[in-house]
Amino acid sequence: MNAPGSALSVERLVVSMGAQQILHEVSVTVPERGIVTVLGANGVGKTTLMRTVSGVYRASSGRVVFHGQDITAQASHRIVALGLAQAPEGRQVFASMSVRENLLLGGAMLGREDFDATFAQVLDRFPVLRQRLGQQAGSLSGGEQQMLCIGRALMSRPRLLLLDEPSLGLAPKIVRQIFELVTSIRAAGTAILLVEQNVRQALKVADYGYVMEGGRIVLEGPGAELRDDARVRDAYLGGA
Ligand SMILES: Nc1ncnc2c1ncn2[C@@H]1O[C@H](COP(=O)(O)OP(=O)(O)O)[C@@H](O)[C@H]1O
Ligand SMILES: [Mg+2]
């Protein structure tokens with residue numbers, strides 16, 4: 001049931017941890033070159049969804065289809081090699097490694113030529129990382145670590161990028177940069193699945209959005225429609 005032109009199709013995904021069912025038949029579609037956002041309060045299952053799509057967690061039932069290929073049971077490194085990369089929640093970088101080493105790891109599966117070209121592209125996108133290539137990743141500011149986390153994901157040349165709360169806890173100026181980045185990564189041809197606390201900004205950049213509650217999708221629609229939806233306004237936009 002993977003519609004033509006869709007980068008990702010999550011079909012009735014069920015995920016359980018021990019006896020607790022976390023995701024209840026969650027279905028989400030990301031079109032090629034689309035930006036799709038998943039919104040919802042803490043603990044509703046957004047990160048579980050991202051980690052299952054990227055092969056870190058296993059589904060009990062349902063399917064994850066990437067460009068027409070069933071990847072539900074694939075190992076996470078295989079999924080990255082197919083072109084699906086994740087910048088995980090909490091801007092995880094290898095703190096004791098240099099910025100350069102972190103980026104090398106992200107592009108480890110590329111041949112020499114592709115690697116050099118991609119490395120140059122990523123540094124053009126993140127000039128701040130170019131200045132810090134030899135520095136330990138753990139010594140970067142929060143915003144710089146987030147840029148490194150996204151840059152590392154981009155090193156695998158993904159066709160789809162999963163971003164789990166990239167703007168969380170960052171200063172307003174950096175938050176603006178992150179959202180500009182999301183738009184420019186899509187303009188370069190990569191589809192994006194974005195989990196965000198910053199609902200207002202997320203709905204501004206997203207073509208389409210889903211709202212999760214208690215492990216279920218309870219509302220979905222085009223970004224502009226969700227922004228005007230009374231339920232979204234009351235619950236996530238402070239009634240504004
Ligand atoms: N590895 C895990 N083991 C057990 N429970 C988990 C695990 N990961 C997440 N959960 C539970 O799943 C629910 C959803 O968590 P999560 O996906 O992190 O939500 P969100 O990202 O929306 O804040 C929470 O109740 C959380 O406690
Ligand atoms: Mg989360």
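The dialogue below goes from the whole chain to single residues and then to the ligand.

A: Begin with the source: this is a predicted model. Then take the overall make-up, which here is ten helices and ten strands in the chain.

Q: How compact is the chain for its length?

A: Compare the radius of gyration with a rule for globules. The chain has a radius of gyration of 17 Å, close to the 18 Å that the globule rule gives for 240 residues, so it is as compact as a globular protein of that length. The C-alpha trace spans about 45 × 40 × 35 Å along its principal axes. Among contacts with a separation of 6 or more, 65% join residues 24 or more positions apart.

Q: What share of the residues is buried, and which residues touch the most other members of the largest nonpolar core?

A: In soluble globular proteins, nonpolar side chains tend to be buried together. In this chain, 41% of the 240 residues count as buried. The largest nonpolar core has 66 residues, and Leu-160, Leu-161, Ile-192, Leu-193 and Leu-194 touch the most other members. Helix H6 gives the most to this core, with six residues. Leaving out residues up to four places away in sequence, Ile-192 touches Ile-35, Leu-161, Leu-163, Val-182, Ile-185 and Arg-186.

Q: How many residues of H6 are buried, and what covers them?

A: H6 (residues 142-154) has 13 residues and reaches 18 Å from its first C-alpha to its last, close to the 18 Å expected at 1.5 Å a residue. Eleven of the 13 residues are buried, and H6 is thus mostly covered. The buried ones include Glu-144 and Arg-152 as well as Leu-148 and Ile-150. Among the elements covering them are strands E6 (84-87) and E7 (160-164), and helices H3 (99-106), H4 (112-125), H5 (127-130) and H7 (172-187).

Q: Is Gly-189 buried or exposed, and why?

A: Gly-189 is exposed because it has 9 other C-beta atoms within 10 Å. Gly-189 sits in the loop between H7 and strand E8 (191-195). From Gly-189 to Pro-158 is 31 residues in sequence and 9.5 Å in space, C-alpha to C-alpha.

Q: Which residues are around ligand 1, and which helix gives the most to the shell?

A: List the residues, then sort them by type and by element. Those around ligand 1 are Met-17, Ile-22, Gly-40, Asn-42, Gly-43, Val-44, Gly-45, Lys-46, Thr-47 and Thr-48. They divide into three nonpolar, six polar and one charged. Helix H1 (residues 46-53) gives the most, with three residues.

Definitions and conventions: Residues are numbered from 1 along each chain as its sequence is written. Chains are lettered from A and ligands numbered from 1 in the order in which they are written. This is a predicted model: local features need pLDDT of at least 70, side-chain atom pairs count only at pLDDT 80 or more; totals for chains, interfaces and linings use all residues. A residue is near a molecule or strand if its C-beta atom, placed from the backbone, lies within 6 Å of it. Helices (H or I, at least four residues) and strands (E, at least two) are DSSP runs, numbered from the N terminus. Ala, Val, Leu, Ile, Met, Phe, Trp, Tyr, Cys and Pro count as nonpolar, Asp, Glu, Lys and Arg as charged, and the others, Gly among them, as polar. The expected span of a helix is 1.5 Å times one less than its number of residues. A residue is buried if 20 or more other C-beta atoms lie within 10 Å of its own, exposed if 12 or fewer, and partly exposed in between; C-beta atoms are placed from the backbone. Two residues are in contact if their C-beta atoms, placed from the backbone, lie within 7 Å. The radius of gyration is taken over C-alpha atoms; the globule rule is 2.2 Å times the number of residues to the power 0.38. A nonpolar core is a set of buried Ala, Val, Leu, Ile, Met, Phe, Trp, Tyr and Cys residues joined through C-beta atoms within 7 Å.
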